[in-house]
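I opened a new structure today and kept notes as I went. The entries follow the order in which I looked things up.

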Amino acid sequence: MEHRSKAPFPAGFLWGSASAAYQVEGAWDADGKGPSVWDVFTKQEGTTFKGSNGDVAVDHYHRYKEDIALMAEQGLKAYRFSVAWSRIYPAGRGEANERGLAFYDDLINELIAHGIEPVLTLYHWDLPQALMDEYGGWESRRMIEDFNNYAVTLFKRYGDRVKYWVSLNEQNYFVSYGYETGLHPPGVRDRKRMYEVNHIANLANATVIRSFREIVPGGLIGPSFAYKPYYPVNSDPANILAYENSEELNNYFWMDIYAWGRYPAAAWAYLEDNGLAPAIHEGDFELLASAKPDFMGVNYYRTTTVEQYGLQQRLELGHKNTTGAKGSTKPTGIPGMYKTTANPYVETTNWDWDIDPQGLRVGLRRITSRYRLPVFITENGLGEFDKLEPGDVIHDDYRIEYLRSHISAIRDAITDGVEVIGYCSWSFTDLLSWLNGYQKRYGFIYVDRDETDAKELRRIKKDSFYWYKQVIASQGEQL
């Protein structure tokens, strides 16, 4: 669809940026915090790039006032952050840690004092290790009660000041990387267990949304889904079907549950045919259908192109590029469903992620047409090698171009009829990129450290910092 003119970004649009506790806070054992699964997993040899971890990260725990002052200077309207569950409940449950609660009080109050809307994520992957040790974490339905208790604690403590909440961050990734590819904790490769874990996470998500409705009147809550819209490699009907398979199994499988409380038919048939369907208890689907979110949170970075993959083939879990060696990614494939392949029409990053701003527009329109829910873009950004030049200068024109093209695509989607609440870039400062160490930089603020040396953790504004400041000040008119 082409338009003669574009709609403006709506009044009150939340121009923001984002982070996650484990990736920025550091202070991994300070003030009563218990260990998370990531505190333990990253100490295992070979799990991360050059053995990097979040023990110090970028020390946001001790430098949050400095970071928020920079956010205010840039003009941010919103800041999305996550709470570290094991700061609040060091053992996952039991007695709450007042020092942990007080830290987030201080963070929220500092944001509000600078006119920045806090957007709070309940769970961004850092499960308390104690719950993993006790009953296997997300593999047990005991998680539903413990997660709800933790969430209710936050709703009651911060609900008077926080309007926007994210329940689960990238559920599709923490279950697949944790239980299918084994790249994330607990490092399991068992697809049956993955789908069991996923169903329990769905039930936990629905439970906390129901609790939220009772405790935070007027607040808005939704999950953040890692959305990779799929394309067929060409118009061969076999490849069109592969696209349908991948979109349903890898996207609608999660979003249909969030919006409607049911799994898509073809994906569920695939699970049943292959002995992968999770155990369903009485009342599960009633619970899931009763907790429709207020918005669909979207973390968008890329699209994926697929082709036919026959039943005679074998399961391919591929190879994830965690080093920045361009071209090292290997395709994934599920027999009888699809196999990933290169898209000849788009460029890729050094981590082999397709750069496709039109894909964001496509994805936003698909969500709007299927679910009729507002969208909150909770992550979007470019991870790349940045160079600190003499005079404390970082020229990151490639990041500016990436963000410019994606924000322009959002405006196109709004003109198409999509309701978008806000846009949070990933990320505000550089941070630990999970498996990729500190070399993969996303921020507007360069943090001077590497995998082996935290140095002085100096904050240095990149060219993109000033560019986004102008975008916000002009309400998206000056890109």
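**Entry 1: a strand residue.** I began with S17, which lies in strand β1 (residues 14–18). Helices (H or I, at least four residues) and strands (E, at least two) are DSSP runs, numbered from the N terminus. The model is predicted: local features need pLDDT of at least 70, side-chain atom pairs count only at pLDDT 80 or more, and totals for chains, interfaces and linings use all residues. Residues are numbered from 1 along each chain as its sequence is written, and side-chain values use heavy atoms, with hydrogens and water left out.

Buried means under 20% relative accessible area, exposed over 50%, partly exposed in between (1.4 Å probe, protein chains only). Leaving out residues up to four places away in sequence, S17 touches L76, A78, Y79, R80, C424, S425, S427, F428 and F444. Contact means heavy atoms within 4.5 Å.

**Entry 2: a helix residue.** Next I looked up S464, found in helix α15 (residues 463–473). S464 counts as buried because its relative accessibility is 0%. Its contacts, not counting residues up to four places away in sequence, are Q74, D396, R399, I400, G443 and F444. I noted F444 here, and F444 is also on the list for S17.

**Entry 3: the barrel.** I followed the strands next. A closed barrel of 8 strands runs β1-β2-β3-β4-β5-β7-β13-β14, and the pairing is parallel. Neighbouring strands of this sheet are turned by 30° against each other on average, direction ignored. Two strands pair if DSSP finds at least two bridges between them. β3 and β4 pair in the parallel sense over 4 bridges. T121 stands opposite V166 in β4. Helix α7 (residues 142–158) lies across β3, β4 and β5, and runs at about 165° to β3. Axes are lines fitted to C-alpha atoms, for helices over the stretch in contact, and angles run from 0 to 180 degrees between N-to-C directions.

**Entry 4: an enclosed helix.** How many residues of helix α8 (residues 171–179) are buried? I found 9 of the 9, so α8 is largely enclosed by the rest of the structure. Among them are N172, F174 and Y177. The buried residues of α8 pack against β3 (117–123), α6 (129–135), β4 (164–169), α9 (191–215), β5 (220–226) and α10 (237–260).

**Entry 5: two helices together.** I then compared α9 with α10. Their axes come within 10 Å and cross at roughly 30°. That makes α9 roughly parallel to α10 (angles under 35 degrees count as roughly parallel, over 145 as roughly antiparallel, 65 to 115 as roughly perpendicular and the rest as oblique). On the α9 side I listed Y195, N198, N202 and N205, which meet L249, F253, W254, I257 and Y258 in α10.

**Entry 6: the open sheet.** Last, I traced 4 strands that form an open sheet in the order β6-β8-β10-β9, with mixed pairing. β6 (230–232) and β9 (333–334) stand at the edges with a single partner strand each, so one side of each is left without a neighbour in the sheet. β9 and strand β10 (residues 338–341) run antiparallel, joined by 2 bridges. G333 stands opposite K339 in β10. α10 packs on the sheet and touches β6, β8 (304–307), β9 and β10; its direction makes about 170° with that of β6.
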